[in-house]
Amino acid sequence: MKKPGFLLLTALSFGAHASTPTIIGTLSNFDVYNHTGGEMEGFEVDLEDFHKSDLSSTWCYSAFGCGTGYDTTSGGHNVLSVVHDGGSTRTVANNGVTHFGVHLTTNTPIGNIKYDWLDRRSDGYLYHVDGSGKAAAGQAPALGAPPPPPTPPVAPAPPIVLTPHWTLNSGTGKWDISIQNTLGRDIWVQLGGAVSSTAITLDQLMTTNPLIMNTTNDRFELLTAGQSITESEDIQGATVAGFAKFFATDYIGPKDDSGGALCSNFVGMCTYTDATGSHTIYSAITHGAALGNIMTASNFAAAVPEPHAAWLFGSGLLIVMNAARRRNKP
């Protein structure tokens, strides 16, 4: 009788496996350069199909301080607008750079995401530099005399931010973190990633933080317009978070007649042929100005046994215990 009881326990407890980890928070931090041609007083991130309730926190140490979330609408979609308002004293000069971060409590849905600098005009309101109007609600000036007519907007120059996306790869069982080149020209992207046994916070997603500094760049790739680059991380065992970094740089090397890059290796020598013949140059001279750094992370809920499997495991224990009692009866 001993052997059947043991076999039954083994068969029933085999179903007690861990479920797929679930994202409980996605964080993204990014460095943004001001190339608008003028001084900026604010910044806005609009996330389509998200709500204010999806916003957990923002990076509060940018030039403009913390961001505030607003529920707005656009084109029939709900939009979460995260506005950083520098007030009357906090600004980012032309060619300056600052850092923003958004922590969402969910990874879905994924709609369009728009970034824009905000310029405070003479009426006291913040306006988008792309000419689309005022910033999200709540950024009005103090009540007082009627405002003067608004001054013309700063010449549009949208900020360069590449948006990271997290997806579960059903084929590999890994989480893929990707960004797409939406800039319409060739760029270099360096990337790297890793996993963590502890949850990650927004303040860790900085280029000067050891979490990012000590992460090895897996590779350097030339992304043409529309191409994507992906980092995959295996979320298993004690891992509760994954993160990745993407450092974007302009490509300023030789191009063909259609504007495509002729050098696709990031380091070493590059040999290419154009209308004037064959040439060899150092690849390093194809690395242009930094466009921005994108650091992203996601924390995962701990995997737990499925309820029915746990119940079967308990049933198997009861059978073994009852068998033992019968054997011990006089």
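Keep in mind that the model is predicted: local features need pLDDT of at least 70, side-chain atom pairs count only at pLDDT 80 or more, and totals for chains, interfaces and linings use all residues. Numbering starts from 1 along each chain as its sequence is written, and side-chain values use heavy atoms, with hydrogens and water left out.

**Stop one: strand E1**

Select residues 22-33, which make up E1. Strands here are DSSP runs of E, at least two residues, numbered from the N terminus.

Two strands count as paired if DSSP finds at least two bridges between them. Click Leu 27 and you'll find Ala 297 of E17 opposite.

Next, bring in E6, residues 97-104: this strand is also antiparallel to E1, joined by eight bridges. Here, look for Asp 31 facing His 99.

**Stop two: the disulfides**

Show the cysteines. A disulfide is a pair of cysteine sulfur atoms within 2.5 Å, and that rule gives two.

Zoom in on Cys 60 and Cys 66, bonded at S to S 2.0 Å. Their link is right-handed, with 115° about the S-S bond. Cys 60 is partly exposed because its relative accessibility is 27%; Cys 66 is partly exposed at 41%.

Then go to Cys 263 and Cys 270, joined at S to S 1.9 Å. This link is left-handed, at -90°, and both cysteines are buried.

Notes. Buried means under 20% relative accessible area, exposed over 50%, partly exposed in between (1.4 Å probe, protein chains only). Helices (H or I, at least four residues) and strands (E, at least two) are DSSP runs, numbered from the N terminus.
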